[in-house]
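Here is a colleague's note for someone meeting this structure for the first time. Please keep the display open while going through the points.

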Amino acid sequence: MTEELLTELLLEFVEVWVHAVLHTSHIYPAQIFRSRYKYGISVKQSTFPSLNNFIRELVSSLRDVISSRSLQDLQITILDGTKTLESFSLRLSYHRNNHQVDPISEEELVRRCREGFRGQIVSVMERHSDREPGAEEGVTFAVTTRTTELAGSQMRKWCEQSVTESEGSVTPLLFNDLYQFTLQSVYRV
């Protein structure tokens, strides 16, 4: 049960993280986001149906690679045409030696994850874009993933085999070592 619970927790977190990145990057008008309480803090969530459908499909497409512990990096790149304006990466690494990890209750797993997720979301929300929300025409975003080789070949719809490192300054936002995995948010300008 713990593996399934962990997968569900990570999928839920990825959805919240994507909404936070899109709100913070000011691609869309601020009016399309509403406040929602998650992980003990107020977060922003899109109310725009087609964007919400895209995010749900993205998260759904990640289920197998998260469940198999194959997702290594999820990156959202903010683009003006082909020029990268900024980039947010969520890096995951999994503790493969689970027999060395002390077992914990499901309640404790949920508590630890939510605490770590809260820190990750806050680190994204603290990044303030210089752009006005929704003010620039042509500003879009791209989502790429980096997975293990086997998983990458199975996710052609949403994934690229590798994520190229963009030029510019790299700012690690937060590093969390949680029960069976490690999360790190990274911001690039």
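This is a predicted model: local features need pLDDT of at least 70, side-chain atom pairs count only at pLDDT 80 or more; totals for chains, interfaces and linings use all residues.

The points below take up the helices and then the hairpins.

1. The length of α1 can be checked against expectation: at 1.5 Å a residue, its 23 residues should span 33 Å, and because the C-alpha atoms at its ends lie 32 Å apart, the two values agree. After α1 comes His26, a residue with a positive phi, near 60°.

2. Helix α4, made of residues 106–125, packs with α1 at an angle of about 15°, the two axes being 10 Å apart. Angles under 35 degrees count as roughly parallel, and α1 and α4 are therefore described as roughly parallel to each other. The crossing in which α1 passes α4 is right-handed.

3. Which residues make this contact between α1 and α4? On the α1 side they include Leu5, Leu9, Phe13, Trp17 and Val21, while on the α4 side Leu109, Cys113, Phe117 and Ile121 are among them. Taken by class, the residues of the contact of α1 with α4 comprise 16 nonpolar, three polar and one charged.

4. In the contact of α1 with α2, the residues Leu11, Val14, Glu15, Val18, His19 and Leu22 of α1 meet Leu51, Asn52, Ile55, Arg56, Leu58 and Val59 of α2. By class, the residues of this contact of α1 with α2 are eight nonpolar, two polar and two charged.

5. Turning to the strands, β1 (residues 33–38) and β2 (residues 41–46) run antiparallel and are joined by six bridges. Within this pairing, Arg36 stands opposite Val43 in β2. The hairpin that β1 and β2 make has two residues between the strands, and Tyr39 in that hairpin takes a positive phi near 60°.

6. Strands β3 (residues 71–80) and β4 (residues 83–94) likewise run antiparallel, with eight bridges joining them, and Ile78 is found opposite Glu86 in β4. This hairpin of β3 and β4 has two residues between its strands, and Gly81 in the turn has a positive phi of about 70°.

Definitions and conventions: Residues are numbered from 1 along each chain as its sequence is written. Side-chain values use heavy atoms; hydrogens and water are left out. Contact means heavy atoms within 4.5 Å. Helices (H or I, at least four residues) and strands (E, at least two) are DSSP runs, numbered from the N terminus. Ala, Val, Leu, Ile, Met, Phe, Trp, Tyr, Cys and Pro count as nonpolar, Asp, Glu, Lys and Arg as charged, and the others, Gly among them, as polar. Two strands pair if DSSP finds at least two bridges between them. The expected span of a helix is 1.5 Å times one less than its number of residues. Axes are lines fitted to C-alpha atoms, for helices over the stretch in contact, and angles run from 0 to 180 degrees between N-to-C directions. Angles under 35 degrees count as roughly parallel, over 145 as roughly antiparallel, 65 to 115 as roughly perpendicular and the rest as oblique. A crossing is left-handed if the near helix is turned anticlockwise from the far one by less than a right angle, and right-handed if clockwise.
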